[in-house]
Amino acid sequence: MAKSFLKRLIAVSAAAAALIPAVNQLPERATTALAAPDEYHDDWLHVNDKAQIVDMNGNEVWLTGVNWFGYNVGSQIFDGAWSANVHHCLDLIADHGFNLLRVPMSTEILLQWKAKKPDPIIKLNEYKNPELTLEGVEGGTPMYSFDIWNKVVEWCREDGIKIMMDIHCATTNSAGHNFPLWYDSSFSEKDWLDALAWFADYYKDDDTVIAIDLKNEPHGKRDEGSFAKWDGSSDANNWRYGAEKGAKACLDKNPNLLIMVEGIEVYPKIEKGYDWNSPSTDYAHYGDPEYQPYYGAWWGANFRGAKDFPVDLGDRQSQLVYSPHDYGPFVYEQDWFHLTGTKPNWTSYKFDEESLLKEYWYDTWAYLVEEHKAPLLMGEWGGFIDKENDPSGANTHWLKTLRDYMIKKRIHHTFWCFNENSSDTGGLMYDNFQKWDDEKYAFVEPSLWQTEGGKFISLDHKIPLGTAGNGISLNDFVASGEGSNMDGGKAGNGTPVIVEPSKTTTTTTKPVTTTTTSATTSKTTTTTQEATVTTTTTTGPIAHPSYEFDKVISYPTKTGYKEGEALDIEGLKFTGILSGSVSSNIKEMEYTSLQAGYGADAAKITITDKTGKTYSNSEFKTLLAGEYTVNIKGDVGNYYASTLCKNVDISYKVTIGDTVAEVWGDANCDGTVDMSDVVLVMQSLANPNKYGVNGTDKNHITSKGLNCASVVNNNGSVTNSDAMRIQLFLLGNITSLDPKAK
């Protein structure tokens, strides 16, 4: 695919969040009539009478995606754009088999874009993302956030990824998910409906945007003030009624969108005489769930009300998908996990698929898929699986149980999350968005839609998923007859969709001049998000080759220093050998610097003295005269640029000041004369490339060593005669090595 830049060449320096330019380009979509199924209208999805999501020819599909947040928290872009290349991250998502991207947004940012208002701030590293600058160069002026979003839509299309926009909150806020309703004191329900309608209309001629999640996690309890309920009323806080209005706002503009409706938090035990006017808690029986007035659930996960009051979209019912969220015990210690001990070091837990269905899942949301009432898309699921955060294994056990149940029931899902900055779940990235978590991905990978041969299946009829060669288009899968992991090996033998060349879909861009004021403050957006993530099994594709440290070609030229000088590693060269079975044209990589990216594994330089005491590189200038060992250990290079070299381990000696005053015959400068000095002299003569002054061996002779060993002619060089004279001294045949004493 044509791209303006080599997106994998990423600058090492990081840039701070930048203010947007004074002039922004806001593209306006040209008005077009709904075309025949050309390449921009052939991928719309619908729900059939078996509660399956299907394409326009009735072929069943499986939406298996991931969340990436940032637009909802104040970054005005995906989080991680401050350190990583956005285009490349989207490639990673596609190459690892995620065919749907759920993008949390806010009513506020959609209305900002609709009104063409400027960004107060945008957290973009313009050195890592030259494609997202007005000038198209590293360090350029960041584009307007809506222009950037449209580049994301374009890149997702190139990668075969479909998009689901999620209204995560009304007001843009890193804690916005804590607000219970789809409106707040700043943005009304009408604002929410206007935002939905505008977004649906803007992308009605681009089936890259295939779904809208109307509101993230409606929740709340009566005693908490604002709360979402679910019944047959037209009350302002009735989420079922609100969802029907939200769906209408979207479908009036684009009747082909899938509409995701989430649940609520609590539902009254009507069979015991309780209703929405009952208090949230029966304090007389506090702690005993049997006596409490409401059935509880995770936020957005309670669909008990849909049994008697299903969402009614009229003649557009074929676009409705219910979307619960589910988490593990690390997020909250729910009763159905039967935990003992203290988080996260639980001493026991007792739950499995059968108990979870009986005590929570079935009546809360699973009945919808078990009884074929409606398809489900698990909008958020995920969590920690590492030993530090899940030492008991309870969170991992929950995640595996849910994952396997979703595979068995082909529940659609979007994993939480790509981001690493979700405090109670973690994500698929780490080290400031520089590294992919292969262990966590291996846990998720079995739940991604793929052929029996392991190719990830796109939701696009023409475009295969990703650029790594491990994806397949929907048409190719349908035509192949090959089985997949959906429904225990469901084959793709169906009817391919015939796609006409695009004729009517056009995008025009009108310059819109907007003056922005310089913002001197920025919002802190450390995001805390509820979700959980986890899995195990086969490892997925490695999109970028990496290398294992091999050998040193040459050590740094400078090995002698005056006190107060900084360490200089110029001249250091080493090689890395391609690791694993990854495909790459480059089998050996040569390194001449220690540009190491981010994280705990990044190469570090330490210095040790003769006693074994260790100093940091920054302390080198403060060291007193003496002999020291410089140690370089860790990872070097950049994962995204395919230059990562792992497990570098290099050591060499340096001297500072007039350390051990020069001792005649002391070729290795250790302050004494012995046979090791004779050996070093002979090595430097026999193999100067390795042991000479500029040799590759860490113990090569230094210029000071040459001066000390030049005991015959005292000319700063050595011959075999110098080695012989040192041996005579060691044998006691001569009493001094001072050339003047001959």
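Modeller: Let's start with Asp-550, which counts as partly exposed because its relative accessibility is 35%; buried means under 20% relative accessible area, exposed over 50%, and partly exposed in between (1.4 Å probe, protein chains only). Lys-551 is its salt-bridge partner, with 3.3 Å between the closest N and O atoms, and a salt bridge here is a side-chain nitrogen of Lys or Arg within 4 Å of a carboxyl oxygen of Asp or Glu. Lys-551 is partly exposed too, at a relative accessible area of 43%. Elsewhere, salt bridges with shared partners tie Asp-43, Arg-157, Lys-162, Asp-206, Asp-207 and Asp-460 into one network. In total the structure holds 31 salt bridges.

A word on what you're looking at: this is a predicted model, where local features need pLDDT of at least 70 and side-chain atom pairs count only at pLDDT 80 or more, while totals for chains, interfaces and linings use all residues. Residues are numbered from 1 along each chain as its sequence is written, and side-chain values use heavy atoms, with hydrogens and water left out.

Arg-102 and Asp-213 meet through their side chains in a salt bridge of 3.1 Å, N to O. This pair links distant parts of the chain, with Arg-102 in strand β5 (residues 100-106) and Asp-213 in strand β7 (residues 209-213), 111 residues apart. Strands, by the way, are DSSP runs of E with at least two residues, and helices are runs of H or I with at least four, numbered from the N terminus. Arg-102 and Asp-213 are both buried. Then there's Asp-635, in a salt bridge with Lys-435 at 3.6 Å between the closest N and O atoms. Here the partners are 200 residues apart, Asp-635 in strand β27 (residues 626-636) and Lys-435 in strand β17 (residues 435-436). Both Asp-635 and Lys-435 are buried as well. As for what draws such partners together, side chains of opposite charge can pair when their charged atoms come close.

Step back to the whole chain for a second. The chain has 13 helices and 28 strands, and 57% of its 742 residues count as buried. Of the contacts (heavy atoms within 4.5 Å) with a separation of 6 or more, 71% are between residues 24 or more positions apart.

Phe-433 is in the loop between β16 and β17 and has a positive phi of about 65°, although it is not a glycine. Phe-433 counts as buried because its relative accessible area is 1%. Most residues other than glycine have a negative phi, and most peptide bonds are trans. On the peptide side, the bond from Trp-416 to Cys-417 is cis, with omega near 5°, and Lys-343 and Pro-344 are joined by a cis bond with omega about -10°.

Polar contacts are worth a glance too: these are pairs of N or O atoms within 3.5 Å where, within protein, one must be able to donate a hydrogen and the other to accept it, and residues adjacent in sequence count only if both atoms are side-chain atoms. The side chains of Arg-403 and Asp-404 make one of 3.0 Å. Arg-403 sits in helix α7 (residues 394-408) and is buried, with a relative accessible area of 5%. Over in helix α10 (residues 675-686) you'll find Ser-676, whose side chain reaches that of Asn-668 in a polar contact of 2.9 Å. Ser-676 is partly exposed, at 32% relative accessible area.
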